[in-house]
Amino acid sequence: MHGALPVTETMSPPPLLMARGLVKAYGSSRAVDGVDLDIPERAFTTFLGPSGCGKTTILRMIAGFEKPDGGSLVLDGRSLIDVPPERRPVNTVFQNYALFPHLTVFENVAFSLTLRRRSPDPAPRVMRALETVHMSEFGNRYPHQLSGGQQQRVAVARAMVAEPHLLLLDEPLSALDRKMRSHLQIELKDLQRRLGIAFVYVTHDQEEAFALSDVVVVMNRGRIVQRADPATLYARPANGFVADFIGSATLVAGTVMSGSAGQGMASMETALGIIQAPVVEGLSPGDPALLVLRPEHLALRREGPDRHFPAEWPGIVRHVVYQGSSYMIEAECAGILLRLSALMPPRIGESVAIGLDPARAFITRPGE
Amino acid sequence: MKLPLSRAHLAIPVAFLLFLGCLLPLILLLVFSVFTVDMDAFVMVPAFSPQAWAQMLTKPVFAFLIGKAVMFGLGTAVLAAFAGYPVALAIASLAPAWKGIASVILLTPLYTGEIVRIYAWRIVLGSEGLVNTLLMWLGVIHAPLKFLLFTPFTTHLVLLYNTLPFMVLPIWLSIELVDRRLIEAARDLGARPLHAFLRVTLPLTTPGLSVGLFAVFALAAGDMLTPSLLGGPSGVTPMSMIDNLFGTAFDWPLASALSLSLLLVLLACATVMSWLVLRLKGARAVFRGGMR
């Protein structure tokens, strides 16, 4: 069979799910406002955004619980628009698990396998699914006898036992405590690798999105703001919204002075002076822009200026917050509060110098 | 010592009233049922006589009447469940404002008195009544339908009509309490709407359904006016018999024995029903709060 593949498949494979111009309106407000999106096979894709940004609505449209008001949704080359939820090769892990309270763990997981008359004995597949999520001991329990983490595992087993082409997860860890959450994040990522099916995950938690995802889709006000892998999102945010929403950053407003599009560098005038740094595509001289400074790109100099840094400013320490492994420091330089981390804490009110390696800063579009 | 007062203690006054108003008369009935009657003087004679109970247990008419009451109760309850569930589903799917309107309409029959309703039914179902006139005018029939009035059919129909709100209301509330996401989960896992209903909604609404069955059973089994005023020759019930025995016949001991027997049988039926309900997984899940 090898070597007989059609030419198109040797090039980039077609996406598993394709959305074009997807719109969902509630009254006069548009929850989803013209979304174009490809979801690749075998990947872990996460929709990330503040509450009300439309990420859950997109998930519900893929599952079939909401009908789009416009646009197309194509899975495996087949339009989903008029397909009822029960006939989509898609399963969902719900936010509060939505386990059937009157059925045991075993019966919950077997639900999808026992709907058709003369379906084969579901027991082997149910047991395999329960083993996958380390719950095979709990088949006879009822949902109310399980902890949150255990219920979440059962919900995952129930959704994957039917072997969907796409598994949707709607903030499945948000009801759990921090420790259980990070534990289950690792399990989910591991499970997705082993199963090799596409996961589409919805969360408002940036750390969770980064821990899990191959691709993160950042949404705001019903639109996609940026779609990229976590490292790119962090280092090269498409605009001020992404820079602010993802990780900790100081955003300094200013104006683009000159740019060299080929090298992706520009110089920018800010209250901190003129800074030359990598720039987002599409900014021209004269455009308003934001300088994105991550805490780890700034360094604290307590004794005199240090010329290792091409850019350095005198400042006064305003806040010091102990964070366990380090201290978060806010220092005021030229009227701007710069946020950085340090291993040794300065005193509040101490005069310091803040150094920057501009090659690691980033110039991006403002707002939205 | 300070008495710990909880919300449960608020039920004490009502519990006391129930005790006085329910248990005391029952004790009286028990006492009366072993008395005898002096028919010449029209007075009850205190005694310890098995006479009334002997009559009660040996004459088949009493067992027959009680059996009939149970059958009317069960029959009406089952009919009301089938008729009421779709109504409850329909109300549950309305927009909130329409739900209020629907519940007012649903309860309208209860605002009119029972006697008014019964005479209204006579007008509707009589041989020159609404239904017969309409059917004859349409040419569907050529002579008035006789089974419409003063038959067991009439009794069943009107009992069903009278008790339907008591079936619809608890089922409706039960449906409202079912988490919508459970239905979505069932659909997501491949269940068509009918299957999602049968495997999720129906099991989780069994508490409402059984409250409805209990209420309708008790109302229909204990009803006297509807069978006696609309049931024609078939309209004799244990209730009308008790009424006669206490009143015109002045046989209080037998009336007491019949009352107690009817009560015991209805209680036994209710006990069996609740035992059955509590064996249902759906009902158990709801009662232990598993839907939250």
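This is a predicted model: local features need pLDDT of at least 70, side-chain atom pairs count only at pLDDT 80 or more; totals for chains, interfaces and linings use all residues.

Q: What does its C-alpha trace span along the principal axes?
A: For chain A that comes to about 80 × 50 × 45 Å.

Q: What share of chain A is buried?
A: Buried residues account for 41% of the 368 residues in chain A.

Q: Let's talk about the largest nonpolar core. Which residues touch the most other members?
A: Those are Ile62(A), Val109(A), Ala157(A), Leu291(A) and Ile354(A), in a core of 155 residues. Its largest share, twelve residues, is from helix α7 (residues 152-177) of chain B. Domain 1 (12-235) and domain 2 (240-364) of chain A each supply at least three residues to this core.

Q: And what is Ile62(A) in contact with, leaving aside neighbours within four places in sequence?
A: Leu17(A), Leu73(A), Val90(A), Leu168(A) and Val200(A).

Q: Switching topic: how many residues does each chain give to the contact between them?
A: Chain B gives 21 residues and chain A gives 19.

Q: Which elements of chain B give two or more residues there?
A: On the side touching chain A, they are α8 (180-188), α9 (193-204) and α14 (281-287) of chain B. α8(B) gives the most, with six residues.

Q: What classes of residue are on that side of chain B?
A: Nine are nonpolar, four polar and eight charged.

Methods
Residues are numbered from 1 along each chain as its sequence is written. Chains are lettered from A and ligands numbered from 1 in the order in which they are written. A nonpolar core is a set of buried Ala, Val, Leu, Ile, Met, Phe, Trp, Tyr and Cys residues joined through C-beta atoms within 7 Å. A residue is buried if 20 or more other C-beta atoms lie within 10 Å of its own, exposed if 12 or fewer, and partly exposed in between; C-beta atoms are placed from the backbone. Helices (H or I, at least four residues) and strands (E, at least two) are DSSP runs, numbered from the N terminus. Domain bounds come from an automatic or database domain assignment. Two residues are in contact if their C-beta atoms, placed from the backbone, lie within 7 Å. Ala, Val, Leu, Ile, Met, Phe, Trp, Tyr, Cys and Pro count as nonpolar, Asp, Glu, Lys and Arg as charged, and the others, Gly among them, as polar.
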